[in-house]
Amino acid sequence: MKTLVSPGNAICCSILSFCGIIFLTLLGMAFDAKVEVLTEFVTDPDDPHATASACFTAAIVYACFLAFCGCQSLVHKYNSRNQIQL
């Protein structure tokens, strides 16, 4: 099976996606709970629930990238095991 990204890029993408999911989920939970530091200033968003929803949606996008890059890493492992060793 042919892969779309190299093994190093797949692992890097997986790690960054995992970190992004955690960060965006925590940020979304903070906006949803109306944490004062994030919601009480003049330049802060008017609707913190909409901002939280956007953070959760972005975390879902990162989860899709994590699934894709994780599958690419598995394909690389599978292909390297099935190569003929000379």
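The axes of helix α1 (residues 7-32) and helix α3 come within 7 Å and cross at roughly 160°, where axes are lines fitted to C-alpha atoms, for helices over the stretch in contact, and angles run from 0 to 180 degrees between N-to-C directions. Helices in this predicted model are DSSP runs of H or I with at least four residues, numbered from the N terminus. The two helices α1 and α3 are therefore roughly antiparallel to each other, a term used for angles over 145 degrees. The residues in the contact of α1 with α3 comprise 22 nonpolar, eleven polar and one charged. In this grouping Ala, Val, Leu, Ile, Met, Phe, Trp, Tyr, Cys and Pro count as nonpolar, Asp, Glu, Lys and Arg as charged, and the others, Gly among them, as polar.

The model is predicted, and local features need pLDDT of at least 70, side-chain atom pairs count only at pLDDT 80 or more, and totals for chains, interfaces and linings use all residues. Residues are numbered from 1 along each chain as its sequence is written, and side-chain values use heavy atoms, with hydrogens and water left out.

A disulfide was defined as a pair of cysteine sulfur atoms within 2.5 Å, and by this rule the count comes to one. The bond is formed by C13 and C69, with their sulfur atoms 2.4 Å apart. C13 belongs to helix α1 and C69 to helix α3, so the pair ties together parts that are 56 residues apart in sequence. The torsion about the S-S bond of C13 and C69 is about 70°, so the disulfide is right-handed. With a relative accessible area of 3%, C69 is buried, whereas C13, at 21% relative accessibility, counts as partly exposed. Here, buried means under 20% relative accessible area, exposed over 50%, and partly exposed in between (1.4 Å probe, protein chains only).

Other cysteines were also examined. The sulfur of C12 is 7.5 Å from the closest cysteine sulfur, in C13, which is too far for a bond; C12 is partly exposed, with a relative accessible area of 42%. For C55, the closest cysteine sulfur is in C19, at 16 Å, again too far for a bond. C55 counts as buried at 9% relative accessibility.

A52 lies in helix α3, which spans residues 48-81, and counts as buried at 1% relative accessibility. Leaving aside neighbours within four places in sequence, A52 is in contact with G28, F31 and D32, contact meaning heavy atoms within 4.5 Å. From C-alpha to C-alpha, A52 and S73 are 31 Å apart in space, with a sequence separation of 21 residues.

F56 is also placed in helix α3, and at 30% relative accessibility F56 counts as partly exposed. With neighbours within four places in sequence set aside, the contacts of F56 are T25, G28 and M29. F56 and K77 are separated by 21 residues in sequence and by 31 Å in space, C-alpha to C-alpha.

Q72 likewise lies in helix α3 and counts as buried, at 8% relative accessibility. Not counting residues up to four places away in sequence, Q72 touches T3, L4, V5 and A10.

How values were computed
Angles under 35 degrees count as roughly parallel, over 145 as roughly antiparallel, 65 to 115 as roughly perpendicular and the rest as oblique.
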